[in-house]
Amino acid sequence: MNTADERLHTIWDGCLQNDRKSQEQLYRLLAPRMLAVCMRYATDKDEAQDILQEGFIKMFRNMNNYRGEGSLEGWIRRIMVHCAISRYRKLKPMVLVDDFAGEEAAAMPVSKAYNDNGLEAKDLMKLVQKLPKTYRSVFNMYAIEGYSHQEIGSSLGMSELLSRTTLHRARTLLKDMVAKLTIREEHCLAG
């Protein structure tokens with residue numbers, strides 16, 4: 001175990017003893033990384049911070065459920081993802097958006113899938129945040145978190161086939177958004 005893991009487990013042991021200082025240290029250590037996870041599911045930073053708070057509260061209430069199997073950080077990350085999904089299910093009924101981009105995107109030709117210079121991760125995450133909630137949730141769960149379509153379906157209350165279809169539509173919308181960015185960049189460079 002490296003020193004970062006040892007430090008995390010030392011802090012965790014303090015948390016298990018209900019030591020408030022250890023709980024604060026754990027929060028300060030992991031909050032930035034967990035906020036990044038929450039941002040993938042939220043529409044804005046305020047919503048992501050709400051999910052983060054809910055996640056830490058749930059994690060502190062269920063600390064004794066961690067059996068030491070696998071990574072502690074991975075266990076906490078999974079709690080954050082489940083909080084984001086639960087929040088999504090409470091706030092928004094499951095609705096597929098057939099024409100998210102509207103007529104403007106339909107008229108926009110898809111010339112390239114990616115920018116010649118490469119799209120930075122932060123820019124791609126901004127595009128993912130623009131997806132409708134259903135698309136964003138399925139895309140994040142599948143492409144980033146590694147859930148299967150069966151797991152996504154049961155978590156979000158949809159069929160496995162609908163999960164696959166939603167992922168396909170999310171990817172198509174992302175490709176269209178990337179193409180639109182690429183075309184804008186080409187126009188800016190040309191003129």
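**Helix packing and an aromatic cluster**

Y66 is buried, with a relative accessible area of 11%; buried means under 20%, exposed over 50% and partly exposed in between, using a 1.4 Å probe and protein chains only. The model is predicted, so to speak of local features a pLDDT of at least 70 is needed, side-chain atom pairs count only at pLDDT 80 or more, and totals for chains, interfaces and linings use all residues. Residues are numbered from 1 along each chain as its sequence is written, and side-chain values use heavy atoms, with hydrogens and water left out.

As for the overall build, the chain has 9 helices and 0 strands (DSSP runs numbered from the N terminus, H or I over at least four residues for helices, E over at least two for strands). Read from the N terminus, the elements go α-α-α-α-α-α-α-α-α. Of the 191 residues, 39% count as buried. Take the contacts (heavy atoms within 4.5 Å) between residues at least 6 apart in sequence: 71% of them join residues at least 24 apart.

The structure holds 5 aromatic pairs, where rings of Phe, Tyr and Trp (its six-membered ring) pair if their centres lie within 6.5 Å, and planes under 30 degrees apart count as stacked, over 60 as edge-to-face and the rest as tilted. One of these pairs is W12 with W75, an edge-to-face arrangement at 5.9 Å centre to centre with 75 degrees between the planes. This pair ties together distant parts of the chain, since W12 sits in helix α1 and W75 in helix α4 (residues 72-91), 63 residues apart. Both W12 and W75 are buried. Y66 also pairs with W75, this time tilted, at 5.4 Å centre to centre and 45 degrees between the planes. Put together, ring pairs join W12, Y66 and W75 into a cluster.

The α1 and α2 crossing is left-handed, meaning that the near helix is turned anticlockwise from the far one by less than a right angle, while clockwise would be right-handed. On the α1 side, the contact uses R7, L8, I11, W12, G14 and C15, and on the α2 side S22, Q23, Q25, L26, L29 and L30. By class, that contact has 7 nonpolar, 4 polar and 1 charged residues (nonpolar is Ala, Val, Leu, Ile, Met, Phe, Trp, Tyr, Cys and Pro; charged is Asp, Glu, Lys and Arg; the others, Gly among them, are polar).

N18 lies in the loop between α1 (3-16) and α2 (20-39). Its phi is near 60 degrees, a positive value in a residue other than glycine. At 52% relative accessibility, N18 counts as exposed.

Leaving aside residues up to four places away in sequence, Q129 touches M39, A42 and R136.

Helices α7 (residues 133-144) and α8 (residues 149-156) pack at about 140 degrees, with their axes 10 Å apart, and their crossing is right-handed.

Notes: Axes are lines fitted to C-alpha atoms, for helices over the stretch in contact, and angles run from 0 to 180 degrees between N-to-C directions.
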